[in-house]
Amino acid sequence: MTEAHLAMPGTQLGDPVTAAAAVIEVAVGGTAPLHQVLGSDSYDLARARVATLLADIEAGRELALTTDVDDA
């Protein structure tokens with residue numbers, strides 16, 4: 001992954017100056033979400049990962065709900 005990143009200067013979708021300004025805004029404002037993404041590509045990747053994670057959680061739902069302690 002590092003080699004891929006080193007090969008990216010000037011070819012990435014995002015504007016480094018705009019990204020730096022966004023990071024400063026988040027740091028100064030203190031109101032950013034826990035996982036702030038920057039750039040449309042990062043946003044799309046994050047949404048895809050969350051969808052995959054949610055599908056995985058839902059696939060195990062039935063078994064997960066059977067492990068609660070019975071009140072009886």
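**Figure 1. The helices of the predicted chain.** Helices here are DSSP runs of H or I with at least four residues and strands are E runs of at least two, numbered from the N terminus. By that count, the protein chain of this predicted model has 4 helices and 0 strands. Along the sequence they follow the pattern α-α-α-α. The radius of gyration, taken over C-alpha atoms, is 19 Å, well over the 11 Å that the globule rule (2.2 Å times the number of residues to the power 0.38) gives for 72 residues, so the chain is more spread out than a compact globule. Along the principal axes, the C-alpha atoms fill a box of roughly 60 × 30 × 20 Å.

A word on conventions: residues are numbered from 1 along each chain as its sequence is written, and side-chain values use heavy atoms, with hydrogens and water left out. Local features need pLDDT of at least 70 and side-chain atom pairs count only at pLDDT 80 or more, while totals for chains, interfaces and linings use all residues.

Figure 2. Of the 72 residues, 0% count as buried (under 20% relative accessible area; exposed is over 50%, partly exposed in between, with a 1.4 Å probe and protein chains only). The accessible surface (Shrake-Rupley method, 1.4 Å probe) comes to about 6,600 Å², and 62% of that belongs to carbon and sulfur atoms. Look for Leu 53, Leu 54 and Ile 57, which together form a nonpolar surface patch with about 280 Å² of accessible area. Such a patch joins nonpolar side chains (Val, Leu, Ile, Met, Phe, Trp, Tyr) within 5 Å, from residues with over 30% relative accessible area and no salt bridge (a side-chain nitrogen of Lys or Arg within 4 Å of a carboxyl oxygen of Asp or Glu). Leu 54 sits in helix α3, residues 40-59, and is partly exposed at 48% relative accessibility.

**Figure 3. The largest pocket.** A pocket is an open set of points on a 1 Å grid over the protein atoms alone, where a 1.4 Å probe fits, with protein on both sides within 12 Å along at least five of seven lines; lining residues have an atom within 4 Å of a point. The largest has a volume (the space filled by probe spheres set on the points) of about 230 Å³. Among its 13 lining residues, Gly 14, Asp 15, Ala 19, Leu 38 and Gly 39 are the closest to the centre. Helices α2 (16-29) and α3 each supply at least two lining residues, and α2 gives the most, with 4.

**Figure 4. His 35 in its loop.** His 35 lies between α2 and α3 and is exposed, with a relative accessible area of 67%. Its C-alpha atom is separated by 16 Å from that of Ala 20, 15 residues apart along the chain.

Note on methods. Patch = residues over 30% accessible without salt bridge, like charges linked within 9 Å, V, L, I, M, F, W, Y side chains within 5 Å.
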